[in-house]
Amino acid sequence: MDTPTNPPGKRGRVTTGLVRVGPLMALPEVLRDFGVDPDELLAPFGIHAAYFTDPENILAFATAGAIFCRCVERTRCEHFGLLVGRRAGASSLGPVGFLMQSAPDVRSALEALFRHLHVHDSGAVISLDSTGPYVSLGYTILQHDVPCREQIVSTAMAIGLNIMRGLCGVDWRPEEAHFAFRRPKDPSPYREFMGARVTFDAENTAFLFASRWLDHPLVGADPLLHRLMAERVGELERLAGHDLLTQLRRILRTLVMTSDCSLEVAARHAGMHGRTLNRRLADHGTSFLELREEARRELACQLLESTSKPANEVAVTLGYTDASSFTRAFKRWTGMGPQAWRASLRAGARKAKRS
């Protein structure tokens, strides 16, 4: 496996494709538990184990994935990411985590996570669907070409479980836990930690839990701290300078998995009218339809690469009325059909493993 050439950026703004190392602080410790020297493993990436002692240090998302690949290879542990995430909670998210913990109730805390995750982690998005009797709280990586995505989402889900237990009490359990990657050889660590029905090869990575929990008041509710953290998060957002295109790309990655990925709905999430959004996108030399196609392409590639879902099921997930429409679109994006693309990807992975 090639080591990424992009060096880590110490204590910087979390712009597109970067993440703070707060949730990964336990990584060196987990390596030591397996008898692996973290400094030796991390040396090709230009960092030492001490880099993970400061939660404000940042990494490129692709570099974090590549580090996880090396960790799995050295430890031979398929659920390595789960072990790292088990040792982190809301505080690992910095100001966003403290904003959640000081909120008045679970609903407010999760809405804060949904709105502000990009301050801490700009490589993924949170989805939050509370329209029915069950809430779906999901985590989706934006790029399809991040190595060992399954380790990153496992880390995120373990942290998510710890966050929910911190908000609701240690007895909280999800009804279901879905993972958008193939079933590992041994799924028992996932089932044991989640304490719920676990599904792999899912459309998206998410928890399902009863909506009654949204109104659960938080023991740590603190209006003054909440206001201070809201101001701090707002300051970080201004420093990061996320523009309209970045914001809309995050919105669309959650909307393309819903039944209504329309201009009007996307504009409402962006806090403006549809006509205004269209005009501003035109000023940037693009359009809503182009960005929606980009979001569909990224999600299609991610599902084809990470799961065993047939192409026709991926088509349905993305809102295509029939498989042939999806195949035509995929050929337009990549130059080949979805099945041929998946086969070429796996052939390349086998070749890389042999070399």
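At 78% relative accessibility, Arg76 counts as exposed, where exposed means over 50% relative accessible area, buried under 20%, and partly exposed in between (1.4 Å probe, protein chains only). Arg76 sits in the loop between helix H3 (61-75) and helix H4 (80-85); helices (H or I, at least four residues) and strands (E, at least two) are DSSP runs, numbered from the N terminus. The phi of Arg76 is near 60°, a positive value in a residue other than glycine. Most residues other than glycine have a negative phi.

This is a predicted model, in which local features need pLDDT of at least 70 and side-chain atom pairs count only at pLDDT 80 or more, while totals for chains, interfaces and linings use all residues. Residues are numbered from 1 along each chain as its sequence is written, and side-chain values use heavy atoms, with hydrogens and water left out.

**Another positive phi**

Cys148 also has a positive phi, of about 50°, although it is not a glycine. Cys148 is placed in the loop between strand S4 (134-141) and H7. With 17% relative accessibility, Cys148 counts as buried.

**Nonpolar cores**

A nonpolar core is a set of buried Ala, Val, Leu, Ile, Met, Phe, Trp, Tyr and Cys residues joined through side-chain atoms within 4.5 Å. The largest one has 78 residues, and those with the most contacts inside it are Leu59, Phe80, Tyr139, Met194 and Phe209. Helix H7 (residues 149-168) gives the largest share of this core, 11 residues. Another core lies apart from it, with 35 residues, among them Leu245, Val265, Ala270 and Leu291.

Which residues are in contact with Phe80, leaving aside its neighbours within four places in sequence? They are Leu27, Val30, Leu31, Phe34, Phe68, Cys71, Val72, Thr75 and Gln151, with contact meaning heavy atoms within 4.5 Å.

**Ala88 and Pro23**

Ala88 lies in the loop between H4 and helix H5 (95-101). Ala88 counts as buried, at 12% relative accessibility. Not counting residues up to four places away in sequence, Ala88 touches Pro23, Ile159 and Asn162. The C-alpha atoms of Ala88 and Pro23 are separated by 5.9 Å, although these residues are 65 residues apart along the chain.

**Helix H12**

In helix H12 (residues 274-283), the buried residues are Gly274, Leu277 and Leu281. Seen down the axis of H12, these buried residues fall within an arc of 60°, so they line one face of the helix; the arc is that of the directions from the helix axis to the C-beta atoms. The cover over the buried residues of H12 includes helix H10 (244-255), helix H11 (263-269) and helix H13 (288-306). On the face of H12 turned away from its buried side are the exposed residues Arg275 and Asp283. Just after H12, Gly285 takes a positive phi of about 75°.

**Salt bridges**

Side chains of opposite charge can pair when their charged atoms come close. A salt bridge here is a side-chain nitrogen of Lys or Arg within 4 Å of a carboxyl oxygen of Asp or Glu. By this rule the count comes to 13 salt bridges. The table gives some of them.

| Pair | N to O |
|---|---|
| Arg74 and Glu40 | 4.0 Å |
| Glu176 and Arg197 | 3.7 Å |
| Arg332 and Glu293 | 2.7 Å |

In the salt bridge of Arg74 and Glu40, Arg74 lies in helix H3 and Glu40 in helix H2 (residues 38-42), so the pair ties together parts that are 34 residues apart in sequence. Arg74 is partly exposed at 36% relative accessibility, and Glu40 is partly exposed at 49%.

In the salt bridge of Glu176 and Arg197, Glu176 belongs to strand S5 (residues 176-178) and Arg197 to strand S6 (residues 197-199), so the pair ties together parts that are 21 residues apart in sequence. Glu176 counts as partly exposed at 24% relative accessibility, whereas Arg197 counts as exposed at 52%.

The salt bridge of Arg332 and Glu293 links distant parts of the chain, with Arg332 in helix H15 (residues 323-334) and Glu293 in helix H13, 39 residues apart. Arg332 counts as exposed at 56% relative accessibility. Elsewhere, salt bridges that share partners join Glu29, Asp33 and Arg87 into one network.
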